[in-house]
Amino acid sequence: MENINAWCASARGEDFWRDTVEHRMWADRLRDDAKGIIIWLELRGQDDAAAQLDEAMGAFRQAVWSFEEACRGVYPADDPGCRDTQDAMIDAAGRASGVAEDMDSELPADVWEGFFDA
Amino acid sequence: MPDLADIVQSALDAHAAGQAVDLARSEQWLQVRQRYSELSVNLIVNGHESLARRIDREYQAVREALRLSVESQNGKSVADDYALWEAVTEFQFTVGHLERRHRQLNSMSHVEPVKQLPKPASQGVPPKRSWTQGELDDAIREYKAKRASSYQGLLSVLDDPKSSPSSKRTARKQAKELFGRNVIARALGVKSAKMVSQSQPWVAMAKELGLERKTGKQAGADRPTRIGQDIAIEQASMNAADTDDHAAADAAILREEREETLRQIRKLAESELPKAKESAKALMDSFDEGEMTDDQVRQNVAILMGCDDDFE
């Protein structure tokens, strides 16, 4: 999840609004990174931890959908409804990142052995 | 062989700007279906049940999203239908990570394959071989002659104006099961099923029993405007194969056979039998390596599950 901070910074920046393709690319990258962690945890038998991150990412995907619905065709992003969904989406990404960080500190270190070997 | 994640990507590249129905009918989607079955069975026979449940769940979510998109006819492209896009990409991310971790999935397997599998007697379906059209015509005549009483029985129901619609439906179904093109191709071990379609004895039989394949135009003409809830996606896929394109039809037969074999391995792996997963893993390994044919695998499953008497 090292991309999370870059993603949050991008989501807050003006450039983010100029290109919805760019936005979706970032969101997909974040989802892909998270999925890599979830798959690894399930492979290591850490189903509960995987479910927590899965749930947080489900909330993030829902927030992305709400954002896309509210902000379709809105530029610049001066619509209050659109800005609210933008904030909600960034919050959801932050929460997912927090879940991943908590797991990193709570799970035994050997769970991650081999994670970068794929 | 391309990875499943790459096949999904290629399906998206080809159909992201198009309608969901075109994606559902595409050759790439048929490949996705088959490769998903392989991956899912591989996870089960290696003891990675929670990962198998995950891809089963995500594959079903894609099918459901496709079905809703096809049925709603909302005019949205695949890329603009967020629910569909999300389901497809979630599935793609998952299979991509699983494929990248292929070696680890094997090394972290919880299952050791059994060393010895039963040796089925050579029976049932003959191995596929090449035929001349003349030989095949004779074989089909013989096939029909051996089942003459069933054939006449079916004809008498189908030709009788007094037969009820439901008994005619049942008779047509039985006719397909006994004399359908693919059934005969399998029963006789015909490599190319198009030879059965070209066989005059089969064409005559199909005409009498009402088994003729529809042309593309006819198939479209009676297609309902609203696609049935449970089968929308499968039907779209089947329509793609239901053409006069023999190469595609042959590929469809091979695909069906492989999927059926995978279903059988999965059934064994998920059974309560002792050493079920270990045996299923040994079968899957042999099947993957090309050491066993579809029929040999299925006969093994039938023997292991104690229902080899039922094996056809």
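Within chain A of this predicted model, residues 24 or more positions apart account for 64% of the contacts that have a separation of 6 or more. The elements behind this chain are four helices, with zero strands. Followed along the sequence, chain A reads α-α-α-α. Of its 118 residues, 30% count as buried.

Chain A also touches chain B. The contact takes 15 residues from chain A and 15 residues from chain B. On the side of chain A that touches chain B, the elements giving two or more residues are helix H2 (20-43) and helix H3 (47-71) of chain A. H2(A) provides the largest share of that side, eight residues. Sorted by class, the side of chain A that touches chain B holds nine charged residues, four nonpolar and two polar.

One residue of chain B can be looked at individually. B:Asn182 belongs to helix H10 of chain B, which covers residues 181-188. Is B:Asn182 buried, exposed or partly exposed? B:Asn182 has 17 C-beta neighbours inside 10 Å, and therefore counts as partly exposed. The reasoning rests on two cut-offs: a buried residue needs 20 or more such neighbours, whereas an exposed one has 12 or fewer. B:Asn182 can also be placed relative to B:Ala193, which is 11 residues away in sequence. In space, the C-alpha atoms of B:Asn182 and B:Ala193 are 6.7 Å apart.

How values were computed
Residues are numbered from 1 along each chain as its sequence is written. Chains are lettered from A and ligands numbered from 1 in the order in which they are written. This is a predicted model: local features need pLDDT of at least 70, side-chain atom pairs count only at pLDDT 80 or more; totals for chains, interfaces and linings use all residues. Two residues are in contact if their C-beta atoms, placed from the backbone, lie within 7 Å. Ala, Val, Leu, Ile, Met, Phe, Trp, Tyr, Cys and Pro count as nonpolar, Asp, Glu, Lys and Arg as charged, and the others, Gly among them, as polar.
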